[in-house]
Amino acid sequence: MQKIAVIGSGISGLTIAKLLDDRFDVTVFAKDSKPGGLVKCDRIKDNLFHRVGGHVFNSRNKEVVDWFWGQFDLEKDFIKAKRNAKILMNDKIIGYPLENFLSQLPAETVSMILDDMLALNRTERSVGEYDNFGEFLLDNFGKTLFKIYFEPYNNKIWNSDLSKVPLEWLDGKLPMPNLKQMLLSNIVKKEESEMVHATFYYAKENGSQFIADRLSEGLKIVYDTPVHQLEIQGRVWLVNKELKFDKIVYTGDVRALASLINIDDTLISKPLDNVRNLRSNGTSNIFCETDVTDISWLYLPEQNFKAHRIIYTGTFSESNNRGSERMTCVVEFSGKHDFVNMSEEIRRLPGNLTPLDYNYEPNSYVVQEKDTRVRISEVRNALEPHNLYLLGRFAEWEYYNMDKAIEAAFQLKEKISGN
């Protein structure tokens, strides 16, 4: 059997290893002591802390859904939940998405929004026809909604000029409403059922860590082993100077490949150099006890809050709050913030928050620019003839949620199996 090294034990790495394990001799290299990558969770006083965000599963891809439920027992292992997201504006909890709950805004603001909408160009435009994310938001929602919500909230997350962010990479991950849908939702109070993750599945015990742990079962995983060098000798890859493999699946940070790969070939080194400066944003997460709520996500667009959202992971499963008499949540900040400053900040947020723990993840969100996909494609074209393949959020520089990471692994399986 050909030997394949999978570098990284997040959802992407675990999925591709699982998909290839029946035909290849697969070894997964994990830099940490347990699997999970961005979906890792820890128990803090027996409460579940999602260290980066709050990860759930859902998909509209039948192949992904069928495979996923082949690994798990839906009835035994999971809870089906309805997304109950809200927005905090002017000290008031407002429905999400905001454009469907205009009646909850001040009358003067609603009047300005309606003026904007009536003035908008309603010629149908596909996602590909928009030059950038900012143009899309202005064209579809008008300048008032853009200024009071979409611009400040997205600036918090991406820390970028929205006019320089291409829209294609967010297609399928955001609501893309038209005027009729917005008016219908406001007049007849129709619920938003077409949103990504309007409903989702969540493990009864240990959340997304349960998913990572289950997928890791039966795999050959080398833990606590960062990969510090990749070297090609003929048609064979050396991992960390000594372990030999026929193929490599790399799910780590594509920006690091230039320093990892030891090869004297400008056809490879130049594309790798061109992705060294891709931009990403990190997040700081503070884990808290909170008052009981039925909200699952609370978005914080206003600039007077440094945090951009609260994820009430305690609503996903009762077992997440097992060590507390209260409910738990994660407050997420863009960039690096220390525990003391975050603890001060959360005092101004609703829920009487009490901090339990915190985490800083230097790379959580990828930020694409107009030529990012071209640069990634050049890296792929340089490496795949040598049997090194990119997979995952930071290797492909795509904003993958769990379902999209699994979907990309299926596509890569076909490519590898055919070579």
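Ile-232 is buried, with a relative accessible area of 17%; buried means under 20% relative accessible area, exposed over 50% and partly exposed in between (1.4 Å probe, protein chains only). The model is predicted, so local features need pLDDT of at least 70, side-chain atom pairs count only at pLDDT 80 or more, and totals for chains, interfaces and linings use all residues. Residues are numbered from 1 along each chain as its sequence is written, and side-chain values use heavy atoms, with hydrogens and water left out.

Ile-232 sits in strand β10 (residues 230-233). Strands (E, at least two residues) and helices (H or I, at least four) are DSSP runs, numbered from the N terminus.

The table gives contacts (heavy atoms within 4.5 Å), not counting residues up to four places away in sequence.

| Residue | Touches |
|---|---|
| Ile-232 | Trp-237, Asn-262, Ile-263, His-386 |
| Leu-388 | Leu-230, Trp-237, Ile-248, Tyr-250, Ile-261, Leu-383 |

A nonpolar core is a set of buried Ala, Val, Leu, Ile, Met, Phe, Trp, Tyr and Cys residues joined through side-chain atoms within 4.5 Å. The largest one has 69 residues, and Leu-388 is among those that touch the most other members. Helix α5 (residues 133-158) supplies the largest share of this core, 11 residues. Another core, of 40 residues, lies apart from it and includes Leu-14 and Met-402.

Helix α7 (residues 207-216) is mostly covered, with 8 of its 10 residues buried. Just after α7, Gly-218 takes a positive phi of about 85°.
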